[in-house]
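This report goes through one structure, starting with contacts between charged side chains and moving on to strands and the core. Please keep the sequence and the 3D view at hand while reading.

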Amino acid sequence: MLNRITIMGRMTRAPEIRHTESGKAVANFTLAVDRDHNREETDFIDVVAWNGTAEFVSRYFRKGSMCIVSGRLQMRKYEAKDGTNRTAYEIVADSVYFGESKKD
């Protein structure tokens, strides 16, 4: 079986980076991704990057940046503040690439 996903979109906000208690870097961000045949519909996809990839993303990307993310789809369950059970889907990024050329 294979769990591999690649998406391209624009960051909806600047990446948020933090460090775990053990010192690992983790960055969270969301990409706005247009649907292939219908540009009027947009999906907002959460992404999490770890370690060197997290540092790279936080250093070189900002709100509005076009980027390409390759990784795996992850589902996690959690309990919300109101006590309801929720499910979150996110991409765990293995690689993040620039989606546009450098502007002068």
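Arginine 10 and glutamate 100 form a salt bridge, with 3.5 Å between the closest N and O atoms. The two residues are 90 residues apart and link distant parts of the chain: arginine 10 lies in strand S1, and glutamate 100 lies in the segment after S6. Arginine 10 counts as partly exposed because its relative accessibility is 36%. Glutamate 100 is also partly exposed, at 32% relative accessibility. The model is a predicted one, and it holds seven salt bridges.

Another of these joins the side chains of aspartate 94 and arginine 4, at 2.5 Å from N to O. This pair, too, links distant parts of the chain, 90 residues apart: aspartate 94 belongs to strand S6 (residues 85–98), and arginine 4 to the segment before S1. Aspartate 94 has a relative accessible area of 41%, so it is partly exposed. Arginine 4, with 46% relative accessibility, is likewise partly exposed.

Which residue forms a salt bridge with arginine 13? The partner is glutamate 16, and the closest N and O atoms are 3.2 Å apart. Arginine 13 is partly exposed, with 29% relative accessibility, and glutamate 16 is partly exposed as well, with a relative accessible area of 49%.

## Strand S3 and its partners

Strand S3 spans residues 25–34 and is mostly covered, with seven of its ten residues buried. S3 runs antiparallel to strand S1 (residues 5–11), and two bridges join them. Here methionine 11 has leucine 31 of S3 as its bridge partner.

Strand S2 (residues 16–19) is also antiparallel to S3, with four bridges between them. In this pairing, isoleucine 17 stands opposite alanine 27 of S3. S2 and S3 make a hairpin with five residues between the strands. Glycine 23, in the turn, has a positive phi of about 95 degrees.

How many bridges pair S3 with strand S4? S4 covers residues 42–50, and the antiparallel pairing extends over nine bridges. Alanine 32 faces phenylalanine 44 of S4 across this pairing.

## Two threonines

Threonine 30 is placed in strand S3. Is threonine 30 buried or exposed? Its relative accessible area is 10%, so threonine 30 is buried. The side chain of threonine 30 makes a polar contact of 3.4 Å with the side chain of arginine 13, the residue that also forms a salt bridge with glutamate 16. Leaving aside neighbours within four places in sequence, threonine 30 is in contact with Arg10, Met11, Thr12, Arg13, Phe44, Ile45 and Asp46.

Threonine 42 is in strand S4. With a relative accessible area of 32%, threonine 42 counts as partly exposed. Its side chain makes a polar contact with the side chain of aspartate 34, at 3.1 Å. Not counting residues up to four places away in sequence, threonine 42 touches Ala32, Val33 and Asp34. Threonine 42 and alanine 27 are 15 residues apart along the chain, and 22 Å separates their C-alpha atoms.

## The nonpolar core

The largest nonpolar core has 17 residues. Those that touch the most other members are Met11, Phe29, Leu31, Val47, Cys67, Val69 and Val96. At least two residues of this core come from each of S1, S3, S4, helix H1 (51–60), strand S5 (66–79) and S6. Which of the elements gives the most to this core? S3 does, with five residues.

Met11 and Leu31 are both among the members with the most contacts, and these two residues are also bridge partners between strands. Valine 47 is another of those members. Beyond residues up to four places away in sequence, valine 47 touches Ala27, Asn28, Phe29, Leu31, Val69, Ile91 and Ala93.

Terms used: Residues are numbered from 1 along each chain as its sequence is written. This is a predicted model: local features need pLDDT of at least 70, side-chain atom pairs count only at pLDDT 80 or more; totals for chains, interfaces and linings use all residues. Side-chain values use heavy atoms; hydrogens and water are left out. Buried means under 20% relative accessible area, exposed over 50%, partly exposed in between (1.4 Å probe, protein chains only). Two strands pair if DSSP finds at least two bridges between them. A salt bridge is a side-chain nitrogen of Lys or Arg within 4 Å of a carboxyl oxygen of Asp or Glu. A polar contact is a pair of N or O atoms within 3.5 Å; within protein, one must be able to donate a hydrogen and the other to accept it, and residues adjacent in sequence count only if both atoms are side-chain atoms. Contact means heavy atoms within 4.5 Å. A nonpolar core is a set of buried Ala, Val, Leu, Ile, Met, Phe, Trp, Tyr and Cys residues joined through side-chain atoms within 4.5 Å.
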